[in-house]
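I am opening a notebook on a structure that is new to me, and I mean to write down what I look up as I go. I begin with the chain as a whole and then turn to its parts.

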Amino acid sequence: MSQGPRSGLAAVSSALLAMSRHLEVRDVLKTIVASARELLDAQYAALGVPDDHGGFAQFVVDGVSDQQWKAIGPLPRQHGILASMLQEAKVERLADVRNDPRFEGWPSAHPDLVDFLGLPIRDGDEVIGALFLANKNCPKPEGSCGFTQEDEELLGILAQHAAIALTNARLYERSRELTIAEERSRLAHELHDAVSQKLFSLRLTAQAAAALVDRDPSRAKGELHQVTLLAAEAADELRAAVVELRPAALDEDGLVNTLRTQIQVLDRAHAARVTFAGRGARALPAAQEEAVLRVAQEALHNALRHSGGQHVDVTLDRCGSGAVLRVTDDGNGFDPQSIRRAGRHLGLVSMRDRASGVGGSLTVESAPGKGTTIEMEVPGG
């Protein structure tokens with residue numbers, strides 16, 4: 001019996017060390033789930049972080065292939081046993097989850113779950129997640145649960161440390177967001193001061209040139225030359241500021257993860273369901289990635305503020321060496337021609353400019369009552 005506890009302790013220690021290496025919430029969740037499945041030798045493991053709309057802000061699984069996960073479909077809602085763990089904050093250990101009266105709403109493509117062990121992840125009195133395992137890899141007499149009391153205790157220890165790791169990761173992300181916001185504010189002030197000074201000098205120099213045109217053409221020519229130099233300096237400072245304002249998350253997380261994170265935030269903040277799927281998109285040059293992100297943000301703003309839709313779907317697909325972004329809503333739609341004639345653009349001009357600025361294209365499909373699809377295609381490097 002002495003070998004078992006030492007092996008269990010070593011496994012727990014390894015799991016905790018793995019969790020402590022990550023600061024990004026998604027990475028922490030993946031590590032928790034993988035560690036739990038390995039520690040308790042289960043076929044499947046999952047962890048859900050609830051949102052405020054009856055769904056999950058994050059839902060991570062281990063033991064399910066990408067193909068299986070795609071066939072299962074959208075993220076689960078808070079119902080049945082998952083809801084029980086979140087609302088009642090109690091452990092669930094079942095010999096056959098399918099026989100439980102709360103077992104409902106599982107997609108047809110979902111793997112068969114039999115014995116089940118689940119428990120809430122708590123931060124003080126707040127339930128911040130639900131962690132569960134299914135199908136213990138061990139001989140099981142008919143009608144009995146493969147998960148033991150010792151498994152429950154081990155998972156409880158892991159869940160306690162998972163709460164700490166998850167809370168720390170959230171604090172890190174919030175801190176990073178605040179740092180980014182402060183940096184942007186600083187850059188905005190610097191940009192305003194620098195460009196304002198240049199524009200003030202430009203105006204004075206241009207006025208001097210205008211006054212000298214008739215009585216001293218030679219001096220006027222010199223002043224106009226100075227205007228050209230000042231304009232070039234202003235343009236250089238603007239370009240430098242734009243480079244500095246490139247979203248930090250793009251450099252750290254890449255386009256797909258940045259989009260996914262921002263869309264998860266929007267999904268939690270709005271009544272409409274906002275989803276994202278990234279399918280095989282490769283990393284793009286920096287200018288293309290920023291243009292795609294900005295167009296996605298503008299299109300999402302329009303969909304969530306103006307369309308009245310219940311669902312907004314964002315996809316980023318690989319297209320040769322480039323990518324195609326689509327933002328689709330099921331809202332009121334509009335007549336693009338009438339919008340153009342009325343002088344209202346809903347940001348379409350800006351989006352088209354961003355697309356063409358990186359060698360891409362942007363199309364808009366919409367009609368009254370038919371929703372809207374914004375599609376942007378950009379080349380690769």
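This is a predicted model: local features need pLDDT of at least 70, side-chain atom pairs count only at pLDDT 80 or more; totals for chains, interfaces and linings use all residues.

**Entry 1: the chain as a whole**

I then went through the secondary structure and found 10 helices and 10 strands in the chain. For the contacts between residues at least 6 apart in sequence, I read that 63% join residues at least 24 apart. The accessible surface comes to about 20500 Å², and carbon and sulfur atoms account for 52% of it.

**Entry 2: the five-stranded sheet**

In which order do the 5 strands of the open sheet lie? I wrote the order down as β2-β1-β5-β4-β3, with antiparallel pairing. The edges are β2 (56–62) and β3 (92–94), each of which pairs on one side only. Leaving direction aside, neighbouring strands of this sheet are turned by 10 degrees against each other on average.

Helix α2 (residues 25–40) does, touching β1 (42–50), β2, β4 and β5, and its direction makes about 40 degrees with that of β2. Helix α4 (residues 80–88) packs on the sheet too, touching β1, β2, β3, β4 and β5, with its direction at about 140 degrees to that of β5.

**Entry 3: strand β8 and its partners**

Is strand β8 (residues 322–329) mostly covered or mostly open? I found it mostly covered, since 6 of its 8 residues are buried under the cut-off of 20% relative accessible area. β8 runs antiparallel to β7 (residues 311–319), and 8 bridges join the two. Thr315 stands opposite Arg326 in β8. The two strands form a hairpin with 2 residues between them, and Gly320 in the turn has a positive phi of about 65 degrees. β8 also pairs with β10 (residues 372–378), again in the antiparallel sense, over 7 bridges, and here Val327 stands opposite Ile374 in β10.

**Entry 4: helix α10**

In helix α10 (residues 348–357) I looked for covered positions and noted that Leu348, Met351 and Ala355 are buried. Seen down the axis of α10, the buried residues fall within an arc of 65 degrees, and therefore they line one face of the helix. An α-helix has 3.6 residues a turn, so residues three or four places apart point the same way. The buried residues of α10 pack against α8 (286–307), β9 (361–366) and β10. After α10 comes Gly359, whose phi is positive, near 80 degrees.

**Entry 5: the nonpolar cores**

The largest nonpolar core has 33 residues, of which Leu255, Leu259, Leu316, Leu325, Leu362 and Met376 touch the most other members. At least two residues of this core come from each of α7 (248–269), β6 (273–279), α8, β7, β8, α10, β9 and β10, and α8 gives the most, with 9 residues. When I leave aside its neighbours within four places in sequence, Leu255 is in contact with Leu250, Leu284, Glu289, Val292, Leu293 and Leu316. A second, separate core of 29 residues includes Leu29, Val60, Ile121 and Leu166.

Definitions and conventions:
Residues are numbered from 1 along each chain as its sequence is written. Side-chain values use heavy atoms; hydrogens and water are left out. Buried means under 20% relative accessible area, exposed over 50%, partly exposed in between (1.4 Å probe, protein chains only). Helices (H or I, at least four residues) and strands (E, at least two) are DSSP runs, numbered from the N terminus. Two strands pair if DSSP finds at least two bridges between them. Contact means heavy atoms within 4.5 Å. Accessible areas come from the Shrake-Rupley method with a 1.4 Å probe; for residues, only the protein chains shown count as cover. Axes are lines fitted to C-alpha atoms, for helices over the stretch in contact, and angles run from 0 to 180 degrees between N-to-C directions. The arc is that of the directions from the helix axis to the C-beta atoms. A nonpolar core is a set of buried Ala, Val, Leu, Ile, Met, Phe, Trp, Tyr and Cys residues joined through side-chain atoms within 4.5 Å.
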